[in-house]
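Here are my notes for a reader coming to this model for the first time. Please keep the structure open while going through the points.

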Amino acid sequence: MAIKTSAIHGSEQSGVEETEIRAAEATARLARTATAIGGAAVRAGVDKVKEALRQRQERLATAPELRGNLYNDYREAFISRGVPKEIAEEAAAGLVQNESAENNEAISTANRIVSQGTFQGESQDNDRALPSGKDKQAVQQSEATQPAAMAAPPKLVERAENQSSQTQSTSQDTAAEMSKRVAFEKPPSEMKWQALQKVASQIKEETQQKPASNKKVDVQQFVEKYWDEQNQERTAIAQTLSVSGLEESYRSGLEAENVEGTTAASAARDLVTGKDTSSSPAISQAHTQIKKTHPERSPLQQMYYDVLAKQKAVSPELTELASKDLAAGKGARSSEHIRAAHDQILNRELARSGLDPHRQNWSKYSRHVTQTDPNKRDQLIAATAMRGGVSAKSTKAIIRWNSPVAAQIAQQQGSTAMANYADSVVSKAKTHSATKQMATGKVLAPFKQEGKKGVEI
């Protein structure tokens, strides 16, 4: 589905680069030559060039934030929780483009669907919380496709399962070692005399011991004693492996949740002996430490927390605050926490995008500009970029190659007029910022001058 980006970028289109202009002219010449010659090979070459140019234009026209991991992770998080694909895509696009549930119906609907999944089966009051019409149908559709288990198992349980698997493997190794000893197909009491004699001979060879006599009663007692000892040994080994494995699993799980090592070890020992928070101070203390690390979150906040935490670019504290605001329906324009988290993630993605520096800076410094007038918007973007440390020369290039106004001027009046427009924008941006500084009394970061390092305050 094609996602519209005009809401955030002011219906902008990527600026026409000089290289693309030359390529387009070359394409036109090739097309005329192909028509004159009529050669199939030349026409194929022309089509290939046209397709390459078309793909490049599409790539430049797509907002970079809609091609990054943050957009994809928001989208997948919604879909995995029963949100229809189209709504999930629109909601994810809105989130990375600074919109909120208040002004984006897709975000509002997606949030409702995720939240609704947590109340299924509790009461009939759910219908009162649902929207009417299209939104209600979307929620009902999502309920039918929603997975039975909404949340992943706790880390402690996962580690316990893994440890259990390792313990089972160890037990199998031990059992294999014990199988090298005398094997019993049935208990001694069920063996015939000939079988008893054979087993007794094997036990004698292994233990260097023998029955009191060759009488059946003595041979049977000799075999039964060995049988009992072997069973007791197997039971003791199994119990030891089980307890030690479970204790290690609890300890590892608690430490993974940032419980202090000594407390985790003590709590693990108490857990395997059947104690609980009321009878074990260590278990109680461990649970308290886990609650401090992971405050209770609603399933909707947990979903947002997991998406932001997955990026590994945001601190746990900011992730907590941003996910709480996202679950409350806020966006980057109404929450400084969401804005800070998104900026850290999106700026890192821009740095890895492979886009040229001017395109990266345009996306970075236009992200939070809400002005809809194209000319005023360009001035605000230029002022924001220069306050961010971008030189005046580079700011002119940002405007020249990315502003939709500059692109239109280039098409109608030529590249010189386009360059003059960029110079005018930067000049007005400087004046605007200086006037604003004098009016408000605020100290703004000075613009970066050519050949000098910018200073940020």
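1. One cut-off first. A residue is called exposed when its relative accessible area is over 50%, and buried when that area is under 20%. Lys312 has a relative accessible area of 75%, so Lys312 is exposed. Keep in mind that this is a predicted model.

2. Start with the overall make-up. The chain has 21 helices and 0 strands. It holds 457 residues, and 37% of them are buried. Take the contacts between residues at least 6 apart in sequence: 59% of these join residues at least 24 apart.

3. Which residues have the most contacts inside the largest nonpolar core? They are Leu70, Tyr74, Phe78 and Tyr304, in a core of 34 residues. Six elements are listed as giving two or more residues to this core: helix H4 (69-80), helix H5 (85-96), helix H6 (105-116), helix H14 (299-311), helix H15 (316-327) and helix H16 (336-351). The largest share, 6 residues, comes from H5.

4. Look at Leu70 in detail. Leaving out residues up to four places away in sequence, Leu70 touches Val96, Val307, Leu308, Gln311, His342, Ile345, Leu346 and Glu349. Another core lies apart from the largest one. This other core has 24 residues, among them Tyr365, Ala385, Ile399 and Val426.

5. Next, the pair H15 and H16. Their axes come within 8 Å and cross at roughly 120°. H15 is therefore oblique to H16. The crossing is left-handed. On the H15 side, the contact uses Leu318, Leu321, Ala322, Asp325 and Leu326. On the H16 side are His337, Ile338, Ala340, Ala341 and Gln344. By type, the contact residues divide into 7 nonpolar, 2 polar and 1 charged.

6. A second pair deserves a look. Helix H18 (residues 374-387) and helix H19 (residues 392-402) have axes that come within 10 Å and cross at roughly 145°. Is the crossing of H18 and H19 left-handed or right-handed? It is right-handed. H18 brings Asp378, Ala382, Ala385 and Met386 to the contact, and H19 brings Ala392, Thr395, Ile398 and Ile399. These residues divide into 6 nonpolar, 1 polar and 1 charged. Ala385 and Ile399 were also named above as members of the core of 24 residues.

7. Now the backbone. Most residues other than glycine have a negative phi. Gln208 is not a glycine, yet its phi is positive, at about 60°. Where is Gln208 found? It is in the loop between helix H10 (193-207) and helix H11 (216-256). Its relative accessibility is 66%, so Gln208 counts as exposed.

8. Lys312 also has a positive phi, about 55°, and is not a glycine. Lys312 lies in the loop between H14 and H15. As set out in the opening point, Lys312 is exposed.

9. Last, a loop residue to check. Ser280 is found in the loop between helix H12 (261-272) and helix H13 (281-293). Is Ser280 buried or exposed? Its relative accessibility is 1%, so Ser280 counts as buried. Setting aside neighbours within four places in sequence, Ser280 is in contact with Asp270 and Lys275.

Technical notes
Residues numbered from 1 in each chain as written. Predicted model: local features only at pLDDT ≥ 70, side-chain atom pairs only at ≥ 80, totals over all residues. Heavy atoms only, no water. Core = buried A, V, L, I, M, F, W, Y, C linked by side-chain atoms within 4.5 Å. Buried < 20%, exposed > 50% of the residue type's maximum accessible area, 1.4 Å probe, protein only. Helix = DSSP H or I, 4+ residues; strand = E, 2+ residues; numbered from the N terminus. Contact = heavy atoms within 4.5 Å. Axes fitted to C-alpha atoms, helices over the stretch in contact; angles between N-to-C directions. Parallel < 35°, antiparallel > 145°, perpendicular 65-115°, else oblique. Left-handed = near helix turned anticlockwise from the far one by under 90°. Nonpolar A, V, L, I, M, F, W, Y, C, P; charged D, E, K, R; others polar.
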